[in-house]
Amino acid sequence: MRRNLIFILMSIEIMLNGTGVAFVAAGSRWGQPDGQIMFLFILAMAAAEVSVGLALVLRLYHLNNSLDADAASEMRG
Amino acid sequence: MEVAFYIAAIVAIVSTVLTITRLNAVHALLYLIVSLLAVAVVFYTMGAPLVAALEVIIYAGAIMVLFVFVVMMLNLGKSAAIAEVQWMQGNIWVGPVLLSAVLIAEIVYLILRARLTEFASGVVDPKQVGLALYGPYLIGVELASMLLLGALVGACHLGRPVHEKAEARYDRNSDGARAHSGGNLIRSGAGRAPDAT
């Protein structure tokens, strides 16, 4: 199992991209623009998520000197 | 035109599998960029040219640049130069270049030979998307702008320097000391006379 925080964020991007492909394929099947609009919202959400996530990764790396996700299990509050 | 879709889909799947199995973060990022470009070609063959362009511009252009910058920032140190030498050697660039060559041959063929209406069941052009986006989905656009503003403020807050907080914590009469003590003002030293030093 991989616990590198960078790889976790990259895998989240892959999963969001997969849902985007599903939305666009469905929209193309029925010829409606709604699928592409849902993909645009997913795109905005992915951009927001990755900016906050990478800022958190930088903070955790400066705190723990490690990119292991298990190193952050001792946070309190 | 089905063939173009299937070739791009195979390239996307192969590069995504290679992304999640690499051990080096930079190599994984290279394959991830190739994967996003392949998905953009898939969008184009499915009749969604606007989304294909946005996939290249925003995903492969902006979000991946963020990833690359963070990986570069995390590699600062003595071992960074040795790692650079290791990355420049080897034939690790052959895989992404081959997959990208397949994609660029395909996109050149599509632009030169085919019209967009030939190969998609239902082409949704950017005008329809724009009309729907600023018509029934206007509240969604506003919510997305609020989300991006929140992400901006959150990233700005998380990216502030760490040492300012430590100074506030050890300054005995500051508000930061009171907040850090969890409301226990005696333990935080509030109200005591400051040291003569």
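Phe39(A) is tucked away as a buried residue, at 0% relative accessible area (buried means under 20%, exposed over 50% and partly exposed in between, with a 1.4 Å probe and protein chains only). Phe43(B) also counts as buried, with 0% relative accessibility. The model is a predicted one, where local features need pLDDT of at least 70, side-chain atom pairs count only at pLDDT 80 or more, and totals for chains, interfaces and linings use all residues. Residues are numbered from 1 along each chain as written, chains are lettered from A and ligands numbered from 1 in written order, and side-chain values use heavy atoms, leaving out hydrogens and water.

Over all chains there are three aromatic pairs (rings of Phe, Tyr and Trp, the last by its six-membered ring, with centres within 6.5 Å; planes under 30 degrees apart are stacked, over 60 edge-to-face, the rest tilted). One of them joins Phe39(A) and Phe43(B) edge-to-face, at 5.1 Å centre to centre and 75° between the planes. This pair crosses between chains, linking helix α2 (residues 34-64) of chain A to helix α2 (residues 25-45) of chain B (helices are DSSP runs of H or I, at least four residues, numbered from the N terminus).

Phe43(B) turns up again in the largest nonpolar core, which has 57 residues; Ile6(A), Met10(A), Tyr59(B) and Phe67(B) are likewise among those with the most contacts inside it. Such a core is a set of buried Ala, Val, Leu, Ile, Met, Phe, Trp, Tyr and Cys residues joined through side-chain atoms within 4.5 Å. The most comes from α2(B), with 12 residues.

Notes: Helices (H or I, at least four residues) and strands (E, at least two) are DSSP runs, numbered from the N terminus.
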